[in-house]
Every structure is written in C-alpha cells, then in structure tokens.
Amino acid sequence: MPQPELVLYHFPGACSQVSICALETAGLSYEVRLVNLAAGEQSGADYLGVSPLGKVPLLLIDGEPLSENAAILTYIATLRPDAGLFPADPSPRMRAEAVGGMSFCGGTLHPQIRGIANPSRLTDGDGEPVRKKSEALAKKSFGYAERRLAEREWWLGEWSIVDVYLNWAFTVARNAKFDSTPYPLLNGHAGKMSDRPAFQRMLEIDAEARATLKL
Ligand SMILES: N[C@@H](CCC(=O)N[C@@H](CS)C(=O)NCC(=O)O)C(=O)O
C-alpha cells in the first residue's frame, strides 16, 4: 500500500519535535511546514484554517488534519508497526502503559512546563505565582519520572518515543531555569539517545528550522 502523503506543521523547540522524531524513526517521507510561533503565526487566519486550535504539531494525512501529539505518534506507530516506536510486547498492560506515557507527557507535564517557561500564557496577572506553582507541580512529576527511569532505565523498560517526549518536556523546563539538579537520569536521558539516527535528524531539522526562521 502506498504511503499516505504526510505534512507536519512544526516550530523548532516545540513538542512537534517528538512527531518529527517519530516520523524519522518510522522512515516515512514527509514534508515539514514551519509555523512561526514566535511571530504569532499560529493565530493568523492562514494557519487557523488548517489547525483550528492554532497549535503544533499538526499532521496532514492526504490533506486531512490530525492534531495532538499522542494521536500523531499512535498513527505513525500504527502505520509502521515494525519501526519500534513502542515495545513490540502486545500485552494489554504494555499498550496501556504506552498510552499512559504519552498522556503523562502531553496531559500532565506539558501544562506544567508551560507554566514554568511561559506563565504569561496562563494568567493576565503576575506570572511569578503561576511559575512557582508550576515548578512545584513539575517537581512532583519529574520526581516520578526520575524514579521510573531508575527502576526501568527507559519509560517503558526499553527505548520508545515516550522517552523522546519526556526528554522534550524536561529540556524545555531546564532551559527555562527549572532546577534540574535533583534529576541526574533525566539530565542524562538525551545523551543516551544521541546515537539514534532519528534523534540526530530531529535535532538537525530543528537547527535548520531555526536558521530558516532566523531565531
Ligand atoms: N495537547 C497538544 C498541545 C500542543 C501545544 O500546545 N503545542 C504548542 C507548542 S509546544 C503550541 O502550538 N503552542 C502555540 C500556542 O498555544 O499558541 C499536543 O499534545 O499536541
């Protein structure tokens, strides 16, 4: 069956990095279209016509939009089941753990790191209390993630795209001056993945995108 035509909307440093890494891991061909979040392009009529929520990632599949990282990662893994985005173990427990990992990153961590990196997006008032509260919540979440890596090495016991998602969230928090010192395993997580060609390619695509957008 021919591969569907895939277009990924992306901004460098955004969580759409994880979708890129998934597409690269799966060996799919796709086009990257940049949405300049720094310039507010996501709120313009052109992009809202494609993505009603004005967010990245968004994957066009033969012209039809699919939003939400968790859905996009699931779609890619279903399209290329042998690519190893998730462990091959088909047990109900492992399938559920994979969903749980994506949900933890997208539903629990993402709002917390947004509150750390960009509190003004969450309040019209003083951002500092939002940042402080978000840091407290993130400490609990990253503490849990650190313990999980200590027990299993990877989120699911072997490498999966959930590790890339978790690393993205931790990197955003750390870059926003979240105190990362209590989390040595999360700090070393990216280094352990750095020899994966898909991870490398994701970083290259991000660097190219930054250059294109002059960031
Ligand atoms: N729940 C969504 C969150 C997507 C999201 O918030 N993306 C951010 C970038 S990391 C974004 O597009 N922000 C632009 C905005 O909210 O204006 C997902 O998991 O895909």
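1. Domain layout. The C-alpha centres of domain 1 and domain 2 sit 20 Å apart. Domain 1 covers 6-84 + 197-212 and domain 2 covers 92-193, with bounds that come from an automatic or database domain assignment. Across the contact (heavy atoms within 4.5 Å), 16 residues come from domain 1 and 12 residues from domain 2.

2. Ground rules before going on. This is a predicted model, where local features need pLDDT of at least 70 and side-chain atom pairs count only at pLDDT 80 or more, while totals for chains, interfaces and linings use all residues. Residues are numbered from 1 along each chain as its sequence is written, and side-chain values use heavy atoms, with hydrogens and water left out.

3. The domain interface. The two domains, domain 1 and domain 2, bury about 1100 Å² between them, with 72% of it on carbon and sulfur atoms; buried area here is the accessible area (1.4 Å probe) that two parts lose on being put together, summed over both. On the domain 1 side, have a look at Cys15, Val18 and Phe199: they supply 42% of the area that domain 1 buries against domain 2, more than any other three residues.

4. H1 against H8. Helix H1 (residues 16-26) packs on helix H8 (residues 197-212) at about 130°, with the axes 8 Å apart. Helices (H or I, at least four residues) and strands (E, at least two) are DSSP runs, numbered from the N terminus. Axes are lines fitted to C-alpha atoms, for helices over the stretch in contact, and angles run from 0 to 180 degrees between N-to-C directions. The angle makes H1 oblique to H8 (under 35 degrees is roughly parallel, over 145 roughly antiparallel, 65 to 115 roughly perpendicular, the rest oblique). The crossing of H1 and H8 is right-handed; that label applies if the near helix is turned clockwise from the far one by less than a right angle, and left-handed if anticlockwise. From H1, Gln17, Ile20, Cys21, Glu24 and Thr25 meet H8 residues including Phe199, Met202 and Ile205. The residues of this H1 and H8 contact split into six nonpolar, two polar and three charged (Ala, Val, Leu, Ile, Met, Phe, Trp, Tyr, Cys and Pro are nonpolar; Asp, Glu, Lys and Arg charged; the others, Gly among them, polar).

5. H1 against H3. The axes of H1 and helix H3 (residues 69-79) come within 10 Å and cross at roughly 0°, which makes H1 roughly parallel to H3. Among the residues in this contact are Val18 and Leu23 of H1, with Ile72, Leu73 and Ile76 of H3. The H1 and H3 contact has seven nonpolar, three polar and no charged residues.

6. H5 against H7. H5 and helix H7 (residues 184-193) pack at about 65°, axes 8 Å apart, and that makes H5 roughly perpendicular to H7. The crossing of H5 and H7 is left-handed. Phe142, Ala145, Glu146, Leu149 and Ala150 in H5 meet Pro184, Leu185, Leu186 and His189 in H7, giving seven nonpolar, one polar and one charged.

7. Two backbone spots to look at. Most residues other than glycine have a negative phi, and most peptide bonds are trans. The peptide bond from valine 56 to proline 57 is cis, with omega near 5°, and proline 57 lies in the loop between helix H2 (45-50) and strand S3 (58-61). Glutamate 153, not a glycine, has a positive phi of about 75°; glutamate 153 is in the loop between helix H5 (127-152) and helix H6 (161-175).
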